[in-house]
Amino acid sequence: MSRTAAHTLRLWLFLLVLVPVSLFGRGSIHPQFAMTPQEFRDMVFGLPLEVQARVLRDPSVFLEMTAAVIESGLELTRHVDRTHGLSHLHTPEDLVNLLEQHPGIPVYAADDRLAAPAAMALQELVDAALQDGVRLAISSAFRDFAMQEELYAEHIVRFGFRATQQLVAPPGHSEHQLGTTVDFFPVGRRFDNTPQDQWLTEHASTFGFSMSYPPGLEDITGYMHESWHYRYIGREAIALRDRFFGGVQFHLTEFLFFHGDFLRETFRADSTVHHTDSQTVITSRRY
Ligand SMILES: [Zn+2]
């Protein structure tokens, strides 16, 4: 080997070692996260197998899309189900009155409220549906703990405890308490296969809204299919849900419930905002 060739080879070897180290820093798996490959594998280990396979096939894309979800505010993907609930004091800070702020959205009650980002996205969704000739109206939006308690008690009196478990979330366990969730009119099996149901099934995701309780997933979500119930999780979370989590919101929010703190701690944001108490920052920004 000539001296020049040997020199070129050394240079290439040097670059091969140096570039990845400088890009990924201290052996981290991705420039946006201070996380080792082993920590990454441990994190995805508990995911459903088909989700795990997709994530391990494309870890970089997964982390890039996860970074976008963190930046859009993890509060939007907060996991709420029968076992993971909210405090009776949990109330979003930026609730807006739909009738006053968004008169274009038909509502059932004059005091129906939603968190501001969800209300804005809902306005866009309702307008787009109308352009397609589909009229959407809201049956129910934000419900605080006490309202859910009342609804739950009413259902038990009318339908009994067992039936109520499939129909209504116990107080503290309703996505409506997040202020990002709506029921479209009319609630119940009457909504199935209506033009509204069909339009939402096809287009709600485009506006950042997710069907929380899809058909066939009763054993996972704990609820029968609710064609009328949609939660705003944001476009970034929808993209991640569809690319890696098989379109299942529950799997996504459960994953972020277990690993959201770790992801947020290891996230290297390019602004200083995330290095402070990010829960507070995101909370004050979104709610
Ligand atoms: Zn609902």
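Predicted model: local features only at pLDDT ≥ 70, side-chain atom pairs only at ≥ 80, totals over all residues.

User: How do you know which stretches have pLDDT below 50?

Analyst: pLDDT is the predictor's confidence in each residue, from 0 to 100. The chain mean is 88, and 85% of residues reach 70 or more. Over residues 14–25 the pLDDT is below 50. Beyond near neighbours in sequence, that stretch has 4 contacts in the model (C-beta atoms, placed from the backbone, within 7 Å). Over residues 271–287 the pLDDT is also below 50, with 20 such contacts.

User: What makes a set of residues a nonpolar core?

Analyst: Its members are buried Ala, Val, Leu, Ile, Met, Phe, Trp, Tyr and Cys residues joined through C-beta atoms within 7 Å. Buried means 20 or more other C-beta atoms within 10 Å of a residue's own; exposed means 12 or fewer, and partly exposed lies in between. The largest such core has 52 residues; Leu114, Leu122 and Leu125 touch the most other members. The largest share, 7 residues, comes from α6.

User: Which residues does leucine 122 contact?

Analyst: Leaving aside neighbours within four places in sequence, leucine 122 contacts Ile105, Leu114 and Val182.

User: Why is α12 called kinked?

Analyst: The bend is the angle between axes fitted to the seven residues ending at a residue and the seven starting there. In α12 this gives a kink of about 65 degrees, centred on histidine 259. The buried residues of α12 pack against α4, β5, α10 and α11.

Technical notes. Residues numbered from 1 in each chain as written. Contact = placed C-beta atoms within 7 Å. Helix = DSSP H or I, 4+ residues; strand = E, 2+ residues; numbered from the N terminus.
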